Amino acid sequence: LAMERDLRDAIEQEQLQMYIQPQVDRFGKPVGGELLMRWQHPQRGMVSPAIFIPLAEESGMIIRLGDWVLRQGCMAVCALQAAGIPMSVSINVSPKQFRQADFVDKVKIALVDTGADPALLILEVTEGLLIDNLHDTIARMLELTALGIRFSIDDFGTGYSSFSYLKRLPLYELKIDKSFVQDTPQDANGTAIVQSILSMAQHLGLRVVAEGVETRAQAEFLIENGCHSMQGFLFARPLPLQDWVTQQTAAT
Ligand code: G
Ligand code: G
Ligand code: MN
Ligand code: NA
């Protein structure tokens, strides 16, 4: 509860920071990046989003955090483009944030205010979003895709997975959850699941990002099976956006 109060101040006191974790293609070239929030608390130190996001969802603070992340996402699109780094930017959108009556308006305003190219912005949503009001969810997603924004299903396969939504939603991408990725190539069942997701995605015309790629063997397996891009400690840990920009501009 003390943490809940602290979270309220975190935005104003600039304790929140955006990290980016690159996603690379099969040649190792960065093609996108996921923004991940970090909270540097003056006393508690670095607080994991795995702790404060659920708290923010319960308390409703996720709306303010989400507004901030949306803006940061647009600003990251602009910063990368200005630095000549051709990458898409993925942000995590929680169900509560997505379901706000004025969410589409907020996205439009953020795009206009920042001048960000919507074609470079990807919204990661979870299967939890699809449990109720699928009809409204689809309508809202269509409004956003009409702006040029793309959608990705995060943690694919771990939530309420239903094949029917895959054909009804305007999706661009699936992110295979790291729990499946980390079963490859040694565990027969996990490996079969990953192969099936990749094959299904290919037939549906969806791109696939594998998350939590930690070993060379996993990467080789994923590439052999047609995975488009990979994200994980093998390639890079999440790092402050500015550090990534500096590193990329120095490299070229
Ligand atoms: O980065 P890890 O970095 O530890 O993130 C832990 C969890 O927090 C993940 O499930 C991730 O999706 C979530 N998360 C990280 N950043 C954000 C954010 O900006 N918004 C939302 N809604 N979730 C986030
Ligand atoms: O948004 P999502 O739930 O997918 O959050 C991604 C989470 O995965 C973050 O907590 C991020 O720090 C974490 N992560 C990223 N790469 C790796 C990895 O290679 N291994 C593991 N174990 N976690 C990772
Ligand atoms: Mn994510
Ligand atoms: Na995920």
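Modeller: A quick word before we start: pLDDT is the predictor's confidence in each residue, from 0 to 100. The structure above is a predicted model.

Colleague: Thanks! What is the mean pLDDT of the chain?

Modeller: On that scale from 0 to 100, we can look at the chain as a whole. Of its residues, 99% reach 70 or more. The mean pLDDT of the chain is 95.

Colleague: And what ipTM does the predictor give the complex?

Modeller: Two scores come with the complex. The pTM is 0.97, and the ipTM is 0.96.

Colleague: What radius of gyration does the chain have, next to that of a compact globule?

Modeller: The chain has 252 residues, and a compact globule with that number would have a radius of gyration near 18 Å. The C-alpha atoms fill a box of roughly 45 × 45 × 35 Å along the principal axes. The chain agrees with the globule value, because its own radius of gyration is 18 Å.

Colleague: Is Ser179 buried, exposed or partly exposed?

Modeller: Ser179 sits in helix 8 (residues 178-181). A buried residue needs 20 or more other C-beta atoms within 10 Å, and an exposed one has 12 or fewer. Ser179 has 14, so its class is partly exposed.

Colleague: Now the ligands. Which helix gives the most residues to the shell around ligand 1?

Modeller: Ligand 1 is surrounded by residues including Leu36, Met37, Pro49, Ala50 and Ile53. Two elements give two or more residues to this shell: strand 2 (30-41) and helix 2 (49-59). The top contribution is 3 residues, and it comes from helix 2.

Colleague: How many charged residues are in the shell around ligand 2?

Modeller: There are 13 residues around ligand 2, and those that come nearest are Asn92, Gly212, Glu214, Gly232 and Phe233. For ligand 1, the shell has 7 nonpolar, 3 polar and no charged residues. The shell around ligand 2 has 4 nonpolar and 4 polar residues, and its charged residues number 5.

Notes:
Residues are numbered from 1 along each chain as its sequence is written. Chains are lettered from A and ligands numbered from 1 in the order in which they are written. This is a predicted model: local features need pLDDT of at least 70, side-chain atom pairs count only at pLDDT 80 or more; totals for chains, interfaces and linings use all residues. A residue is near a molecule or strand if its C-beta atom, placed from the backbone, lies within 6 Å of it. Helices (H or I, at least four residues) and strands (E, at least two) are DSSP runs, numbered from the N terminus. Ala, Val, Leu, Ile, Met, Phe, Trp, Tyr, Cys and Pro count as nonpolar, Asp, Glu, Lys and Arg as charged, and the others, Gly among them, as polar. The radius of gyration is taken over C-alpha atoms; the globule rule is 2.2 Å times the number of residues to the power 0.38.
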